[in-house]
Amino acid sequence: MNIQDFVGEIVFSKTDGKGRIEKVIWGKNTYFKVVFGNGTQKVYRIPRAFLSGILTAENVELNEHIKMMPDIEFKANEDLMSAKELGISISKKCALTSKNLALLGALDDFYALYFKIFDELMQEMIEHTKSKMEKKGEVYDGRIDFYLNDEMKRRVRRHFNPVLNKNVNLFTNEYESFRANKGEFRNFQYFFAQGRQYRRATFQEFCQSIEWIYIDTIYKWKQQINPNIRLDNVENDVNTRLQILAAMREKEILNKKCFEEQGIDDETLYLVRALPMIRCYQEKHEIIAKRFCAKILNGGGVVILPTHYCTECKKFFIGDKTLAEYEKQFGKILVRTQRYLTQEKEASAFDGFNPESRLHQYGYNVKANELTELERQRILIALIKSGQITYYEICQTIEQCINLFQSQTKYAQAVKKWEKDLKFIGDYIKTVT
């Protein structure tokens, strides 16, 4: 097969979706320049990008042919920009932070795994404590005795593999599958001793342990090829890769060119506590990563969110923790959200979502200790300016709330806030019309 035949072929990237090979560069090594539908252009080493799973070809025969091509040499992280090009400093601290996981679109997976692990361990310890007390003829009093045997640890490790494999490209571009065994988990801490008591690991400690599992496994793989490889070299490579990926993502989500090409999305963004619980995942619908462009309330900027999109149900999802991390970093994001009512209903159809006003879906509310008066009024102005909600819709919604709750004493403060906002938005409209 002639190398030039590759030009124009469709490929898929784990991070950028569908793209087209625009140019083939060859010499000592072969490279593909790929242009993606989101406007991103990247150069990949062939066949390394295909062997690692970073790229796959739409044409199955072509995919297999590329994988059979000789790979002359490899450098760690060569599929990424350098820290110097990005203008960032690389820290030696653990790079698998909540912020980085949110930027990379993997926070939902790791957070769901965190709770799944501790829920299972806690339930096992409760049953163990109950059994001990029953043998003594005692009534269970809610106490939880610490208990963590080898069988429990083996069961817990089995929960990790799907998440570790799904996200392996965040840690290395050399391997496409991941199997961590007992050895890599030897330093994993589920609980920490504090005197005679035990506390569960925090989410950050949990993430640090996962990063170490990857480092330890990759180190052992590399040792088979190069017995002289140092553990700290692998640790630096993994740590650097995560930070560079996160920095690239951060630059991308604030890129105004993306907004100009794509425009603002005004679809409902469904918030879920754990993505594996939704019907689309359970029924094995095709779920793809899809960019979602939204406005930032303060400063008038835009942000690209890493959402999940069900191609069958035509719905966008994001984990509530991921959206919270974005708002912690960039401030209030003007996006129409909807969330599931209960955990049980997360497996049901979309009509299980709580009916809300459009105004409330965009984050406007008068709850105590949430939005300040200035923040509420900024949201109202931003929504009118962007055309996302009309002045008429805002007035109609707020007036309905006032009429519904003004006779109830416990809502007196809320009613006062609504009345203030109604007057404010009326005054604002007079100045701009």
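A note on terms: helices (H or I, at least four residues) and strands (E, at least two) are DSSP runs, numbered from the N terminus. Two strands pair if DSSP finds at least two bridges between them.

Before going on, I wrote down that this is a predicted model, in which local features need pLDDT of at least 70 and side-chain atom pairs count only at pLDDT 80 or more, while totals for chains, interfaces and linings use all residues. Residues are numbered from 1 along each chain as its sequence is written, and side-chain values use heavy atoms, with hydrogens and water left out.

**Entry 1: around S10**

I then turned to strand S9 (residues 287–296), which pairs with S10 in the antiparallel sense over nine bridges. One of its residues, Ile287, has Cys310 in S10 as its bridge partner.

Is S10 enclosed or open? I found nine of the nine residues of S10 (residues 302–310) buried, so the strand is largely enclosed by the rest of the structure. Buried means under 20% relative accessible area, exposed over 50%, and partly exposed in between (1.4 Å probe, protein chains only). In a regular strand the side chains alternate between the two faces of the sheet. In S10, I saw Val302, Ile304, Pro306, His308 and Cys310 point one way and Val303, Leu305, Thr307 and Tyr309 the other way, all of them buried.

**Entry 2: the sheet with S4**

Next I traced an open sheet of five strands, in the order S4-S3-S2-S1-S5 with antiparallel pairing. S4 and strand S5 (55–57) are the edge strands, each pairing on one side only. Inside the sheet, strand S2 (residues 17–26) and strand S3 (residues 30–36) pair over seven bridges in the antiparallel sense. Val24 stands opposite Phe32 in S3.

Which strand holds Tyr44? I found Tyr44 in strand S4 (residues 41–46), and this residue is buried at 3% relative accessible area. Phe32 is 12 residues from Tyr44 in sequence, yet the two are 5.3 Å apart in space, C-alpha to C-alpha. Leaving aside neighbours within four places in sequence, I listed contacts (heavy atoms within 4.5 Å) of Tyr44, among them Phe32, Val34, Phe36, Ile54 and Leu55.

I then looked at the second largest pocket, which holds about 630 Å³ of space. Of the 26 residues that line this pocket, Lys332, Thr337, Gly363, Asn365 and Glu370 are the closest to its centre. On a 1 Å grid over the protein atoms alone, a pocket is an open set of points with protein on both sides within 12 Å along at least five of seven lines, and lining residues have an atom within 4 Å of a point. Which element gives the most to the lining of the second largest pocket? I noted H11, with four residues.

**Entry 3: Ser209**

Last, I looked up Ser209, whose place is in helix H7 (residues 203–225). Ser209 counts as buried, at 12% relative accessibility. Leaving aside neighbours within four places in sequence, I found Ser209 in contact with Phe188 and Gln189.

Key:
1 Å grid on protein atoms, 1.4 Å probe; cavity = no way out; pocket = protein on both sides within 12 Å on 5 of 7 lines; lining within 4 Å. Points joined across faces, edges and corners; volume = space filled by probe spheres on them.
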